[in-house]
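Work through the exercises below with the sequence and the model side by side. Try each task before reading its solution.

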Amino acid sequence: MERCAGDGDDRVIRVAAVDDHPILLGGIAAHFASHAPGIRLVATAENVDLLLAALSGHPTPSVVLLDLRLRDDSDVASNVRRLRATGSRVLVFTAEQRPALVRRALDEGALGLVLKEDPEERLVEAIRTVDSGEIYVSSRLAHSIVTDPRGEVRLSARQLEVLQLIARGLPYADIARMLHITEDTLHTHRKRAVEAYAKVADEQVGGTGGLVYRAVADGHIDIGPDLPERNVP
């Protein structure tokens, strides 16, 4: 356990961060040094794999700051689970405001949400709160994201696959062949996704276009530039 020089028995809260914005992290580290000497940023990495490798053989950080949008496109839920498995508490620190992504992290045991637009003192307060095992939500906007009912919509892996391919403009016949399902089954998955919104969010998404829009806007899927190979005749 580290100690602050001159602080007697006060424990230093060791913090790590998974984020791919090094300038932002440098500013945070400087803020801790100037205004929160009881908090120390001990490790940073651009993804969870690299952070876990960097921490191998070193004391486990008390708190890990986790961004939800990383360049490796890693799964949010998996990232939270892997970090928690080390014994660290996870605090979501992100510019992401889509409720499904935030809810996925919280459902896996992340203890709070701080938006990158919030004042730095909110992050300090959040780290101290989460380090004690309590939940922290940084602002009215963050609270509205956490409590947005659309974040509770649950779509199956197959429904997400179907919506991802529809969002990329592929014909239904091609999607069905790529996923080795019939077009009727494809329509069933789309219909059940619509029903999932109606049940949880009490929202009629208004057909396929509205469903895809909501799935992207809420963070269930992303539209990237690369298409999977068409496994069709």
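**Exercise 1. A residue in a loop**

In which loop is the place of Asp73? Describe its backbone and its exposure as well.

Solution. The model is a predicted one.
Step 1: Asp73 sits in the loop that runs between strand S3 (63-66) and helix H3 (76-85).
Step 2: The phi angle of Asp73 is positive, about 55°, although Asp73 is not a glycine.
Step 3: The relative accessibility of Asp73 is 70%, and exposed means over 50%, so Asp73 counts as exposed.

**Exercise 2. Two further loop residues**

Describe the places of His180 and Ile135, and decide for each whether it is buried or exposed.

Solution. 
Step 1: His180 belongs to the loop between helix H8 (172-178) and H9.
Step 2: Its phi is near 60°, which is a positive value in a residue other than glycine.
Step 3: With 62% relative accessibility, His180 counts as exposed.
Step 4: Ile135 is found in the loop between helix H5 (120-131) and strand S6 (136-137).
Step 5: Ile135 has a relative accessible area of 64% and is therefore exposed.
Step 6: Once neighbours within four places in sequence are left aside, Ile135 is in contact with Leu111 and Thr129.
Step 7: Asp20 lies 115 residues from Ile135 along the chain, and the C-alpha atoms of the two are separated by 25 Å.

**Exercise 3. The packing of H1 and H5**

At what angle do helix H1 and H5 pack, and how far apart are their axes?

Solution. 
Step 1: Helix H1 (residues 22-35) packs against H5 at an angle of about 75°, and their axes are 11 Å apart.
Step 2: That angle makes H1 roughly perpendicular to H5.
Step 3: On the H1 side, Gly27, Ile28, His31 and Phe32 meet Glu120, Glu121, Leu123, Val124 and Ile127 of H5.
Step 4: By class, the residues of this contact divide into five nonpolar, two polar and two charged.

**Exercise 4. The packing of H9 and H10**

Describe how H9 and H10 are arranged, and name the residues that make the contact.

Solution. 
Step 1: The axes of helix H9 (residues 183-200) and helix H10 (residues 207-218) are 11 Å apart, at an angle of about 60°.
Step 2: H9 and H10 are therefore oblique to each other.
Step 3: Their crossing is left-handed.
Step 4: H9 contributes Arg190, Ala193, Val194 and Tyr197 to the contact, while H10 contributes Thr208, Leu211, Arg214, Ala215 and Asp218.
Step 5: This contact of H9 with H10 has five nonpolar residues, one polar residue and three charged residues.

**Exercise 5. The whole chain**

How many helices and strands does the protein have?

Solution. 
Step 1: The secondary structure comes to ten helices and six strands.
Step 2: Of the 233 residues in the protein, 46% are buried.
Step 3: The C-alpha atoms fill a box of roughly 70 × 35 × 30 Å along the principal axes.
Step 4: Among contacts with a separation of 6 or more, 69% are between residues 24 or more positions apart.

Notes. Residues numbered from 1 in each chain as written. Predicted model: local features only at pLDDT ≥ 70, side-chain atom pairs only at ≥ 80, totals over all residues. Heavy atoms only, no water. Axes fitted to C-alpha atoms, helices over the stretch in contact; angles between N-to-C directions. Helix = DSSP H or I, 4+ residues; strand = E, 2+ residues; numbered from the N terminus. Parallel < 35°, antiparallel > 145°, perpendicular 65-115°, else oblique. Left-handed = near helix turned anticlockwise from the far one by under 90°. Contact = heavy atoms within 4.5 Å. Nonpolar A, V, L, I, M, F, W, Y, C, P; charged D, E, K, R; others polar. Buried < 20%, exposed > 50% of the residue type's maximum accessible area, 1.4 Å probe, protein only.
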